[in-house]
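Please examine the model shown below.

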Amino acid sequence: MKKGNTPQKKRKRVDWRRVFVCLLALVMVLALVLPLLSSALLSARAVTQDELRSQIASLKGAASEASDRKKELQDQLKAIESDKAKALQRKEILDQQLAAIDAQVANTESQINTYVELIAQEEIALSEAQAREQAAYERFCQRVRSMEEAGEISYWSVLFSASDFSDLLDRLAMVDMIMEYDNAVVDALVAARQEVEENLAALNASKAELDEQKAQLDIQRSEQASKVAEAQALFDELKTQAGAAEALVEAEEAEIKRLEREQAAKEKALAQKIAEANFTTGSGYAYPLPVSYTRLTSYFGPRTHPISGKYHNHTGIDIPAPGGTPVTAVQGGIVITSAYAPKSYGEYVVIAHGNGVTTLYAHMQRGTRTVKEGDTVSQGQVLGKVGTTGSSTGNHLHLEYKVNGVRQDPRLLFPGVTFTDGT
Ligand SMILES: [Zn+2]
């Protein structure tokens, strides 16, 4: 670092000496070119205006690009919104289907619950039948046992105590009857129990079928629920995308507004510069057409036509002249508009003359404009040719005159000209 510092300091001293020599030379040159300074300043002002114009043009370009981007984003947003609406619709249908499945599940569950209740009742009935059967069987066994224990009234004693064969047969029949009766009671109870068992089996089979149905429905339900979740996720994703696109559109809108504000400021500055400009070319105002054309077919301002009685507020004066007659600038200035407006002024030019004065020349022949915006023109310079473009019914020059933005009677510009009435 130390090594590098020394030569740098040396160079610096040499530079200062050179600057001093240059300054001396500059002063001498300035003294020589002083008479040319005013024109140099004039062109400097023109450059500043040109700069402003090019800045305005580039701001317009940027605003139009931003506007294109905004349009594109809005299209994207529209597509996302449409997808979003479709996703929502799909989700709603899936929700309805899910609700239908839920209803089926609920219905099946309530059927199952009914079967559970019936099965519980039947199980109670079964245990009661089993108890009755058991009790009857026990009573039968008890009877047999007590008959056995009593000895004489046992089956065997009944049989063996018969007095004769006929008595034996009677006794046998009686034993059979008793046994048959006991058997019938037990059989009836067994049959009743079996019926309950059959009912129970049928109920259990039905319930098993419903359980199977419900298992199927549960699978369907979980599949449907995952479809709904997918649709919801898609919808949420699209919502996020739409939000992002909206934010971008808003950002572009803010950018467009910012550019427009900047453009308006530059335009104001340009208008200010033009208004402040003082053009010294020519003295007074020169007539824009050969002086033989001074007959007016329309005057400036509010006027009721003497014959037709039609009311008209005219923004300038109409001077008829043959098509092709040159139209010239009434005073030097800067062209602030040179354009074609097919529905109003036709081919027209606006010149700012400084001090807030502007003049406008309208309805010139198509393609005859010889100046463009930003051009400096001198008094008497040809701007175009008389024509009948735009809102016009015959060859004429429509001339307007403004002071600080307020329209005036253009005749005021030419105090030495005598106009004749051609209305
Ligand atoms: Zn007119």
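## H398 and its strand

H398 belongs to strand β11; helices (H or I, at least four residues) and strands (E, at least two) are DSSP runs numbered from the N terminus. The model is predicted, so local features need a pLDDT of at least 70 and side-chain atom pairs count only at pLDDT 80 or more, while totals for chains, interfaces and linings use all residues. Residues are numbered from 1 along each chain as its sequence is written, and side-chain values use heavy atoms, with hydrogens and water left out.

H398 counts as buried because its relative accessibility is 5%; buried means under 20% relative accessible area, exposed over 50%, and partly exposed in between, with a 1.4 Å probe and protein chains only. Its side chain makes a polar contact with the side chain of E400 at 2.8 Å. Such a contact is a pair of N or O atoms within 3.5 Å; within protein, one must be able to donate a hydrogen and the other to accept it, and residues adjacent in sequence count only if both atoms are side-chain atoms. Residues up to four places away in sequence aside, H398 touches H314, T315, G316, I317, D318, Y345, L360, Y361, A362 and H363, where contact means heavy atoms within 4.5 Å.

## The zinc site

Which residues coordinate the zinc ion? The donors are H314 through NE2, D318 through OD and H398 through ND1, at 1.9 to 2.3 Å. Donors are N, O and S atoms within 2.8 Å of the metal (3.2 Å for Na, K and Ca); water is not among the atoms, so sites may look incomplete. Along the sequence, the donor residues follow the spacing H-x3-D-x79-H.

H314 is counted as buried because its relative accessibility is 7%. D318 is likewise buried, with a relative accessible area of 12%.

## H363, a contact of H398

H363, which is among the residues touched by H398, is found in strand β8. H363 is buried, since its relative accessible area is 5%. The side chain of H363 reaches the backbone oxygen of T389 at 2.8 Å. Beyond its neighbours within four places in sequence, the contacts of H363 include S344, Y345, G346, E347, G387 and H396.

Strand β6 (residues 333-341) pairs with β7 in the antiparallel sense over 7 bridges; two strands pair if DSSP finds at least two bridges between them. These two strands form a hairpin with 4 residues between them, and Y340 stands opposite E347 in β7. β7 also pairs with β8, again in the antiparallel sense, over 6 bridges. In the hairpin of β7 and β8, 2 residues lie between the strands, and N355 takes a positive phi near 55 degrees.

β7 is mostly covered, with 9 of its 9 residues buried. The bridge partner of I351 in β8 is T359. Leaving out residues up to four places away in sequence, I351 touches residues including A329, Q331, V335, V357, Y361, V377 and L383.

## Nonpolar cores

The largest nonpolar core has 26 residues, and those with the most contacts inside it are L289, I351, Y361 and L383. A nonpolar core is a set of buried Ala, Val, Leu, Ile, Met, Phe, Trp, Tyr and Cys residues joined through side-chain atoms within 4.5 Å. At least two residues of this core come from each of β4 (317-320), β7 (346-354), β8 (357-364) and β11 (396-403). Another core, of 7 residues, lies apart from it and has L77, I80, L238 and A242 among its members.

## Helix α4 and the whole chain

L172 lies in helix α4 (residues 165-276). L172 counts as partly exposed because its relative accessibility is 34%. The C-alpha atoms of L172 and A162, which are 10 residues apart along the chain, are separated by 9.4 Å.

The chain contains 4 helices and 13 strands. Buried residues account for 30% of its 423 residues. Of the contacts between residues at least 6 apart in sequence, 70% join residues at least 24 apart.

## Confidence

The mean pLDDT of the chain is 84, and 83% of its residues reach 70 or more; pLDDT is the predictor's confidence in each residue, from 0 to 100. Where pLDDT is low, the predicted coordinates should not be read in detail.
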